Amino acid sequence: MKVWLPKLSRSLPWLLAVLGSTLVLCLVARQGWSNVFGLLGVAGWALLWIVPLHFLPLSLDAASWRLLVAPRDPQARAGLGCLLWVTTVRQAVAQLLPLSSVGGEVVGIRLAWRQVLGGAVATSSVVMQLLVSLVNQYLFAALGILLMLWLSTDAHLGRLLLLGIVLGLPFPLGIWFVLHRGRVFERGQIILHRVLGAQMRALPTLAGARVDEELQGYGRRPLRVVAATVVEFAGLLTGAIEDWLVLRLLGHAVSPAVALALEAAVQATRHLFFMVPASLGVQEGCLLVFGSMFGLSADMSIALSLAKRLREILLGVPALLSWQWVELRSIQRPKAGEALERTS
């Protein structure tokens, strides 16, 4: 049991990625390769506009993070440009690598820690932004469901989803209470000491109590947390522009309300199935179900999903390469320092 469980945890993301990729290929084949790629051909090179357009929600996401970092970073080393780069890398890791979406946050903490922030500030700010994102996902999903109830004739599904949102709302509130009062990281560090014992010396120095103090500091700045929530929610709203533009280029113009409802459905589904790498197959299935509620044909929904994935690749691959370049430089820098010491 102890042997194959770690192996299963390592291979599960790859297995889900293969299954998801197979499902995507099957869905495209079912609708007809010529039909789907014919629609993308209609849009042509204009589809590339969604790549720079995506910097709008990314910038608002980074601005939200900056609001959380600012009072904990008196020297203002964490500029918006640097946080925008880290945000782009975080999203690329979550969308393109065979990891769950949590992997992007781990990379974000590492980059923020090494580039501009101290460890406790980086960790607490990313954890706090995760909580803000969770609250915004609930609000955005609720907005999308309300739009579905207003725009669609099939209101039964929308009512069930709205009930699920209401019943699940205490979840982020409970997380906030635990993080603010429970001293989670300090207790986690104590547990690690008890479990690992002397092996803790081989791990980086932990500062669980310091992270807890940073998290509790946000409770004394509620207006800043609210402002960060509002800014990030605005980023979620602007993400719907991509759906609106792509569908218009594909020859099926929709209203901004429909684009918002579709984007909310996609975001909620991707977060619900966060364990599936890049939400392969999940995003396509979501657009097939909810797109039909607004009169989108199956091949149109698949084409919309592929256009969004094209943007993920064109924006994410350079971000991943820049991340690896930074990591390589950080490895070479100590080696260069050691060589200099030998010659002196």
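Helices, in the sense used here, are DSSP runs of at least four residues, numbered from the N terminus. In this predicted model, helix H7 covers residues 119-151 and contains leucine 146. Leucine 146 is partly exposed because its relative accessibility is 47%, and buried would require a value under 20%. In space, leucine 146 lies 8.4 Å from alanine 261, C-alpha to C-alpha, although 115 residues separate the two in sequence.

Two helix pairs illustrate the packing. The axes of helix H4 (residues 55-69) and helix H5 (residues 80-96) approach within 8 Å and cross at roughly 115°. The crossing of H4 past H5 is right-handed. On the H4 side the contact includes Phe55, Leu58 and Trp65, and on the H5 side it includes Leu80, Leu83 and Gln91.

Glutamine 283 is buried because its relative accessible area is 2%. Beyond its neighbours within four places in sequence, its contacts are Val266, Arg270, Ser305, Lys308, Arg309 and Glu312.

Several of these residues take part in salt bridges. Side chains of opposite charge can pair when their charged atoms come close. The whole structure holds seven salt bridges. In one of them, the side chains of arginine 270 and glutamate 312 meet at 3.0 Å, N to O. Arginine 270 belongs to helix H13 and glutamate 312 to helix H15, so the bridge ties together parts that are 42 residues apart in sequence. Arginine 270 counts as buried because its relative accessibility is 14%, and glutamate 312 is likewise buried at 4%. Glutamate 312 also forms a salt bridge with arginine 309, where the closest N and O atoms are 3.7 Å apart. Arginine 309 and glutamate 312 are three residues apart in helix H15, so about one helical turn separates them.

Lysine 308 pairs with glutamate 242, with the closest N and O atoms 3.0 Å apart. This bridge links helix H15 to helix H12 (residues 222-249), across 66 residues. Both lysine 308 and glutamate 242 are buried. They belong to a network of salt bridges that also links Asp243, Glu263 and Arg311.

Helix H15 (residues 298-343) also contains leucine 310.

How values were computed: Residues numbered from 1 in each chain as written. Predicted model: local features only at pLDDT ≥ 70, side-chain atom pairs only at ≥ 80, totals over all residues. Heavy atoms only, no water. Buried < 20%, exposed > 50% of the residue type's maximum accessible area, 1.4 Å probe, protein only. Contact = heavy atoms within 4.5 Å. Axes fitted to C-alpha atoms, helices over the stretch in contact; angles between N-to-C directions. Left-handed = near helix turned anticlockwise from the far one by under 90°. Salt bridge = Lys/Arg side-chain N within 4 Å of Asp/Glu carboxyl O.
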